[in-house]
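Colleague: I'm new to this one. Could you walk me through it and tell me what the words you use rest on?

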Amino acid sequence: MVSIHPKHRQQRLGYAGPRVISYLYVVFVMEADLDPEEKLQMMEGGGFSQTMQQIDPRRARFPCSIVWSPLPVISWFIPFIGHIGICREDGVILDFAGPNFVCVDNFAFGSATRYLTVNKEKCCIPLSPIAYNGEERYLQGENGGDSRTWDDALLKSTQEFQHRAYNLFTCNCHSFVANNLNRLGFLSGGWNVVNLAIFILFNGRWVSKASMLRSILPFVVVFFLGVTFGGFTFLKFWFFFTSVLIGWFLLGTYCFKNLIQL
């Protein structure tokens, strides 16, 4: 059995003690903020990391995901056009909702009805900062840029859009999410408002059956009433409205590339 001199024991405890106390304090504070269900998940799952990474629509938590909700009026006529946001690693939703304003944990048009989890393995995010010899140093990614995490990339886009004017036709929520995906290098980048909308349309998942009804039912009702009372006149109006709106974004994205901001 190896004995340790009391002086050396004190030195060891003096070095490790504050770190252990700080860790226990953080765990205590985080545990105090969790509800009983989350505490049970943490105990069964083995820690906070797994708890924080779970999708929880009840609490509006969608870690590393894109979320979608219908827009008033517009989605009643074109159901695949809506409001979108992107989520941090802890699941908090960020969405560009107005001039110089990015909402945090308060989705602008109600709770999300669809979501799409982004595979981080398909993102080209440079490595995270590391501590080396007591100093924080940064590893360089292949592109030579500063290291950053998922949340760091979202923070940079948020800071950028907090100084942008909002415009439904030139700089909107899709511009914000596309900017984030390009910054993350998801699927090698190249995202714009059009291919992003198509990507969500064909790959997004409904949060629940109630969410699906909330998104589709208004369109069905409006279209039925329009055809019933307006007949061919309503169909012409609907076709014209849809064509103009979709045509604007197609032209602004692929023909006049500086028209729609990203």
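This is a predicted model: local features need pLDDT of at least 70, side-chain atom pairs count only at pLDDT 80 or more; totals for chains, interfaces and linings use all residues.

Colleague: What makes the lining of the largest pocket nonpolar, polar or charged in its make-up?

Modeller: Sort its residues by those classes and you get 23 nonpolar, five polar and one charged. The pocket itself has a volume of about 650 Å³. Its lining has 29 residues, and the closest to the centre are Phe80, Ile81, Gly82, His174 and Ala197.

Colleague: Which helices and strand each supply at least two residues of that lining?

Modeller: Strand S2 (82–87) does, and so do helices H6 (173–184), H7 (193–203), H8 (209–230) and H9 (232–254). H7 gives the largest share, six residues.

Colleague: Why is H6 called roughly perpendicular to H7?

Modeller: Their axes cross at roughly 90° and come within 9 Å. Angles of 65 to 115 degrees count as roughly perpendicular, so that is what H6 is to H7. On the H6 side the contact is made by His174, Ser175, Val177, Ala178 and Leu181, and on the H7 side by Val193, Leu196 and Ala197. By class, this contact has six nonpolar, two polar and no charged residues.

Colleague: And how do you know that H8 and H9 are oblique to each other?

Modeller: Again, look at the angle: H8 and H9 pack at about 135°, with their axes 6 Å apart. Roughly perpendicular ends at 115 degrees and roughly antiparallel needs over 145, so H8 and H9 come out as oblique. From H8, Phe219, Val222, Phe223, Gly226, Val227 and Gly230 meet Phe232, Thr233, Phe234, Leu235 and Trp238 of H9. Those residues divide into eight nonpolar, three polar and no charged.

Colleague: What makes H7 and H9 oblique?

Modeller: The axes of H7 and H9 cross at roughly 125° and come within 8 Å. That angle falls between the 115 and 145 cut-offs, so this pair is oblique. Val193, Val194 and Asn195 of H7 make the contact with Phe249, Leu250, Thr253 and Tyr254 of H9. Five of these residues are nonpolar, two are polar and none is charged.

Colleague: Where does UniProt place the feature "transmembrane region"?

Modeller: Its unreviewed entry puts the feature at residues 184–203, 215–232 and 238–256.

Colleague: How much of residues 184–203 and of residues 215–232 is helix in the model?

Modeller: Residues 184–203 are 60% helix and 0% strand, with the end C-alpha atoms 19 Å apart. For residues 215–232 the chain is 94% helix and 0% strand, and the end C-alpha atoms are 25 Å apart.

Terms used
Residues are numbered from 1 along each chain as its sequence is written. Side-chain values use heavy atoms; hydrogens and water are left out. UniProt positions are given in the numbering used here, feature names are shortened, and annotations may be inferred rather than shown by experiment. Helices (H or I, at least four residues) and strands (E, at least two) are DSSP runs, numbered from the N terminus. On a 1 Å grid over the protein atoms alone, a cavity is a set of points where a 1.4 Å probe fits but cannot get out, and a pocket is an open set with protein on both sides within 12 Å along at least five of seven lines; lining residues have an atom within 4 Å of a point. Grid points are joined across faces, edges and corners, and a volume is the space filled by probe spheres set on the points. Ala, Val, Leu, Ile, Met, Phe, Trp, Tyr, Cys and Pro count as nonpolar, Asp, Glu, Lys and Arg as charged, and the others, Gly among them, as polar. Axes are lines fitted to C-alpha atoms, for helices over the stretch in contact, and angles run from 0 to 180 degrees between N-to-C directions. Angles under 35 degrees count as roughly parallel, over 145 as roughly antiparallel, 65 to 115 as roughly perpendicular and the rest as oblique. Contact means heavy atoms within 4.5 Å.
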